[in-house]
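Okay, thanks for making time, everyone. I've got one structure to walk through today, so let me put it up.

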Amino acid sequence: IAKRFARAFDERDASNKALLETYRQLDRELLKREKLIEGNELLQAEIETASQQLIQADKLSSLGQLVAGVAHEIAGPTNYIGLAIRLVKKRVESVQTLLGKILDPSDPEAKQVLDLFNSDISEANDEIQRIESGVVKIQDIHSALRNHGRVDSAPSYNLETLPILDETLIILGS
């Protein structure tokens, strides 16, 4: 009976030792599993961040294409306005010269009419000057938009002439 008890105790001890080793192995596997879950959660967060960045990059790309299209569409009418301004200036000068020839400044009534016309012509010249300033600003913005989208073959890091700052200042104005 004592041998049986001893054998039973030995078997129990062996069984407990095996069970303890199994628990230790299970513990190690659970730790590995937890680390894998943490790693997966980090990877999932990185994937979500990368996805958001890709979506944002796609939006910016679409916006860039839209801006390029708008800039292209602005160029034609702006150039037409610039050309038309030159023609209008020539016409205004021509009318002013013609009025000077037709109306005799020594005649008081003619001088009064000439002064009225000259006042209107002066106002028209002021408006033409404002339009010219607007056209120049639009052309500067257009140029800045075109240049901003271009890839620099040899980027310059000269702090005195950072083109991007110049273009940004042109776009934003004062």
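Let's start with a quick one: is E29 buried, partly exposed or exposed? Keep in mind that this is a predicted model. E29 comes out at 36% relative accessibility, so it counts as partly exposed. You'll find E29 in helix 1.

Now, zooming out to the fold. The protein chain has three helices and zero strands, and reading from the N terminus the order is simply α-α-α.

What about the overall dimensions? Along the principal axes, the C-alpha atoms fill a box of roughly 150 × 30 × 25 Å.

The accessible surface comes to about 14,600 Å², and carbon and sulfur atoms own 60% of that.

H142 itself lies in helix 2, residues 108–149. Its relative accessible area is 14%, and because the cut-off for buried is under 20%, H142 goes in the buried set.

Last stop, the aromatics. How many aromatic pairs do we get? The count is one. It's F5 with F9: the ring centres are 6.3 Å apart and the planes sit at 25°, so the pair is stacked. Just to be clear on that label, stacked needs planes under 30 degrees apart, and the centres have to lie within 6.5 Å for a pair to count. In general, a pair of aromatic rings is described by the distance of the centres and the angle of the planes.

Why are F5 and F9 about one helical turn apart? Because they are four residues apart in helix 1, which covers residues 2–102. F9 has 42% relative accessibility, so F9 counts as partly exposed.

And that brings me back to where I began. E29 and F9 are 20 residues apart along the chain, and their C-alpha atoms are separated by 29 Å. Okay, that's it from me.

Definitions and conventions: Residues are numbered from 1 along each chain as its sequence is written. This is a predicted model: local features need pLDDT of at least 70, side-chain atom pairs count only at pLDDT 80 or more; totals for chains, interfaces and linings use all residues. Side-chain values use heavy atoms; hydrogens and water are left out. Helices (H or I, at least four residues) and strands (E, at least two) are DSSP runs, numbered from the N terminus. Accessible areas come from the Shrake-Rupley method with a 1.4 Å probe; for residues, only the protein chains shown count as cover. Rings of Phe, Tyr and Trp (its six-membered ring) pair if their centres lie within 6.5 Å; planes under 30 degrees apart count as stacked, over 60 as edge-to-face and the rest as tilted. Buried means under 20% relative accessible area, exposed over 50%, partly exposed in between (1.4 Å probe, protein chains only).
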